[in-house]
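Subject: Handover of a structure and its findings

Dear colleague,

Please find below the structure that I am handing over to you.

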Amino acid sequence: MTRRFIRPVPPAEEWPDIAGGGLLDRRLFLRSGLLLAGSAGIRNALAQGDAPLPWLHTPGAPFSAYGQPSPYERYTARRIGANRAVAGNGVSFTPLEELAGTITPNGLHFERHHNGVPQIDPALHRLTVHGRVRQALAFDVKSLLRYPMRSQTLFIECGGNSNAGWHSEPVQRPAGSVHGLVSCAEWTGVPLSVLLDEAGVDADASWVIAEGADAGAMNMSIPLAKILDDCMLGLYQNGERLRPENGYPMRLIVPGWEGVLHVKWLQRLELSAQPVMSRNETAKYTELLPSGKARQFTFTMDCKSLITTPSHGQTLPGPDIYQITGLAWSGHGRIARVEVSADGGNSWADAALQGPLLPRSFTRFRIPWRWDGTPAVLKSRATDDAGNVQPERATLVAERGRAGYFHYNAIIAWTVEDDGLVSHTY
Ligand SMILES: Nc1nc2c(c(=O)[nH]1)N[C@H]1C(S)=C(S)[C@@H](COP(=O)(O)O)O[C@H]1N2
Ligand SMILES: [Mo]
């Protein structure tokens, strides 16, 4: 006789709500996989046996040198931001609502280019370290690949991510097409402290000016202290060499800080006593506040989260138990807590956080929800281990005004209508 260790689960109707709108205890999903067994779409296996399936009878395709996703998944694709005046200037968004887990596949990492993607021959590429150093150095790719490396799982988020949130009306686009200028990957490379140590930093240096080898030679200033603390020269992305669109053959990795500082196609690091005051740190990535003062050098990406399922454009087939899930991240450290509301923020319940809880990286949250078929407003609110709490939109707008364009991290709300259709709301 087989012994079964499955604990009896009370029928779904008997589970108590732990917050308004039908939020259930986050541990219920752990207690039983039977949770959804009564749901539509699940059939008894023995009832199958309709059409003969060709792949069960014919040998499959041969080996491939580099694997591709199933053709049935071809719509899991980056959404490209169109209508840009300058060729090569624009974005492509990670389809966050199509993905699960926490790692962004390399082919779906978001892109932000000011001047297109250069096709760099690594044999011809050099990284020069110069300025206020004992001796200027030029590294070729081959020699850099021989340095001791380390790996870190980190998100990169564009400072302009979610900027449609500043609009007076909520934009109706899929979650990733508004909030998907953020991705998370395991980056492997050489700590910059190692390379700077070799060049010998002068005592009066306090900034590092990083420059890319794209046609616009994009450059940015980063405080030397940050560079020496935890920045690296990224060479590998999720185990393989960087993709051209993400900076091949090398890019700067600046953990937790805004995307624009992660200079791609890196060709120059200049040690300096002051920032260079380039276009992207003055005219751009600087914000006028209601007081008339401007926020400049706002480096750290703030604590943020969003529900990826259910989210805009999805439809709930009917009243049932659903898993609400999404992503949270903070440039200040680890995610400590994600609360979810199903009644527009009147009451909140803690979602389960999937470990390991890595600093400055995506954290996946999940919570069960019983939808009764009446209109609901879903929200998520993240807190990081430095105590930062994701603000309500009204709070953020009151603080920063509406002239802002960057660093939008307010709570994101989705409305579920009685027909199950999900849309964006404020
Ligand atoms: N050389 C160079 N580096 C660059 C950019 C660029 O246009 N040129 N774009 C920056 C911006 S604004 C962002 S948000 C990130 C985006 O990195 P990704 O395209 O790998 O997602 O790269 C940064 N590094
Ligand atoms: Mo960016």
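Glu-339 and Arg-381 form a salt bridge, their closest N and O atoms being 3.1 Å apart; a salt bridge is a side-chain nitrogen of Lys or Arg within 4 Å of a carboxyl oxygen of Asp or Glu. The pair links distant parts of the chain, with Glu-339 in strand 18 (residues 335–341) and Arg-381 in strand 22 (residues 376–384), 42 residues apart. Helices (H or I, at least four residues) and strands (E, at least two) are DSSP runs, numbered from the N terminus. Both Glu-339 and Arg-381 are buried. Here buried means under 20% relative accessible area, exposed over 50%, and partly exposed in between (1.4 Å probe, protein chains only). Salt bridges with shared partners join Arg-337, Glu-339, Asp-350 and Arg-381 into one network.

Please note that this is a predicted model, in which local features need pLDDT of at least 70 and side-chain atom pairs count only at pLDDT 80 or more, while totals for chains, interfaces and linings use all residues. Residues are numbered from 1 along each chain as its sequence is written, chains are lettered from A and ligands numbered from 1 in the order in which they are written, and side-chain values use heavy atoms, with hydrogens and water left out.

Further salt bridges

In the whole structure, a search finds 18 salt bridges. One of them is between the side chains of Arg-132 and Asp-204 (2.5 Å, N to O). This pair also links distant parts of the chain: Arg-132 is in the loop between strand 4 (126–131) and strand 5 (137–140), and Asp-204 is in the loop between helix 4 (192–199) and strand 8 (207–212), 72 residues apart. Arg-132 is partly exposed, at a relative accessible area of 31%, and Asp-204 is partly exposed at 43%.

Another salt bridge brings together the side chains of Glu-98 and Arg-79 (3.8 Å, N to O). Glu-98 is in the loop between strand 2 (90–93) and strand 3, and Arg-79 is in strand 1, 19 residues apart. Glu-98 counts as partly exposed because its relative accessibility is 42%; Arg-79 is partly exposed at 23%.

Cavities and a pocket

The structure holds three cavities of 30 Å³ or more. On a 1 Å grid over the protein atoms alone, a cavity is a set of points where a 1.4 Å probe fits but cannot get out, and a pocket is an open set with protein on both sides within 12 Å along at least five of seven lines; lining residues have an atom within 4 Å of a point. Grid points are joined across faces, edges and corners, and a volume is the space filled by probe spheres set on the points.

The largest cavity has a volume of about 230 Å³. It is lined by 20 residues, of which Arg-112, Arg-251, Gly-259, His-262 and Lys-264 are the closest to its centre. Strand 3 (residues 111–113) gives the most to this lining, with three residues. By class, the lining of the largest cavity has eight nonpolar, seven polar and five charged residues. In this count Ala, Val, Leu, Ile, Met, Phe, Trp, Tyr, Cys and Pro are nonpolar, Asp, Glu, Lys and Arg are charged, and the others, Gly among them, are polar.

The second largest cavity has a volume of about 70 Å³. Its lining includes Thr-94, Leu-96, Leu-327, Phe-362 and Arg-364, and divides into six nonpolar, four polar and one charged residue.

The second largest pocket has a volume of about 290 Å³. Of its 13 lining residues, Gln-68, Pro-69, Thr-76, Gly-107 and Leu-108 are the closest to the centre.

Features of the backbone

Two cis peptide bonds may be of interest. The bond from Tyr-248 to Pro-249 is cis, with omega near 10 degrees, and Pro-249 is in the loop between strand 11 (240–241) and strand 12 (251–253). The bond from Thr-309 to Pro-310 is cis, with omega near -5 degrees; Pro-310 lies in the loop between strand 16 (304–309) and strand 17 (320–329).

Ala-217 has a phi near 40 degrees, a positive value in a residue other than glycine. Ala-217 is in the loop between strand 8 and strand 9 (219–223).

With kind regards
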